[in-house]
Amino acid sequence: MGLAGGPKGAKAVFKDKFAHAFREFQNLVSVRQEVGVSRAQTLNVVDGNVLVMQCPTSIDTFDGYLEFMAGQLHRAIAAAGHVVVVFDEPENLTLAKRAEQQKRDERRKPLTPICSPDLSACPTDDNYTAKDLRWAGLNVRLLLNHRPARSRFYDGLCSAVLARLKESLEGGEWSLTFDGIDPRGADRPVGEPRRACILSSHPELFVPLLTREVSIGEGDLKLRDVPERVRKADLGIVLNLVTTIDTDSLAIELIGQAAHDKAGETDHLTLLC
């Protein structure tokens, strides 16, 4: 976990040593078209943590994040008939992952203004509601600096995005699924434990398909697990687009591909985007 970036990092070394394995495209639609398969034959698995954090710094409201996420996932659906967005599950992380998160949290602490006890710049824990997310004075970017408050925001955001796209997208030839989200959204009663599971436009298919007996807490491991489960379900998928900026996926996907090569499994193609 935590492969270094920069000019001497894993990605730079791979691009230097194995340049033939890399190609640049304008968007994921172009990637799929280059392979020569249809949307119905394509699965796009997206790193949800990365997607949220890539929201432009000019956006700091819940509705702004909603518009951004809906737009990004609309484009993802244009590339693939099935889109699965994966998130970390704070309740099911390894000790190494928790240690890395603690380091990140320490760096973010100074970013939230210090207020008197009767004021609050933003929620700092799980004790708030969906109504609070639309408070005119809320700066969502500050909220995201506080990990205990983040999961409820993700739940509310993903629920709202799914509702938005179900209203705006015509036809049934697409699916959008969130892996690691409480379907109750931000309306979960304050004080009630969060249940991270599967929220989907097609729950009859994807809830049983992606529900695990043993939880996978880390999103970067789900990026590999989801295509495996979809492949075994025989949904006619021949192309997997794994969308992330996490360099750990370089190693994870190579290990997974080696296993497929050893088993002689050539019925699908996975591209790390």
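I looked up Val-46 to find its bridge partner in strand 5, and that partner is Thr-243. This is a predicted model, where local features need pLDDT of at least 70, side-chain atom pairs count only at pLDDT 80 or more, and totals for chains, interfaces and linings use all residues. Residues are numbered from 1 along each chain as its sequence is written, and side-chain values use heavy atoms, with hydrogens and water left out.

Next I checked how the strands pair (DSSP has to find at least two bridges between them). Strand 5 covers residues 239–243 and runs parallel to strand 1, with five bridges. Strand 2, residues 82–86, also pairs with strand 1 in the parallel sense over five bridges. There, I found His-82 as the partner of Leu-43.

Is strand 1 covered or open? Mostly covered, I see: six of six residues in 42–47 are buried. Buried means under 20% relative accessible area, exposed over 50%, and partly exposed in between (1.4 Å probe, protein chains only). Thr-42, Asn-44 and Val-46 point one way, Leu-43, Val-45 and Asp-47 the other, and all are buried.

Then I moved to Phe-14, which sits in helix 1 (residues 10–17). Phe-14 counts as partly exposed because its relative accessibility is 24%. Leaving out residues up to four places away in sequence, I listed its contacts (heavy atoms within 4.5 Å): Ala-19, Phe-22, Leu-250 and Leu-254. Phe-14 and Leu-250 are 236 residues apart along the chain, yet their C-alpha atoms are separated by 8.9 Å.

Technical notes:
Helix = DSSP H or I, 4+ residues; strand = E, 2+ residues; numbered from the N terminus.
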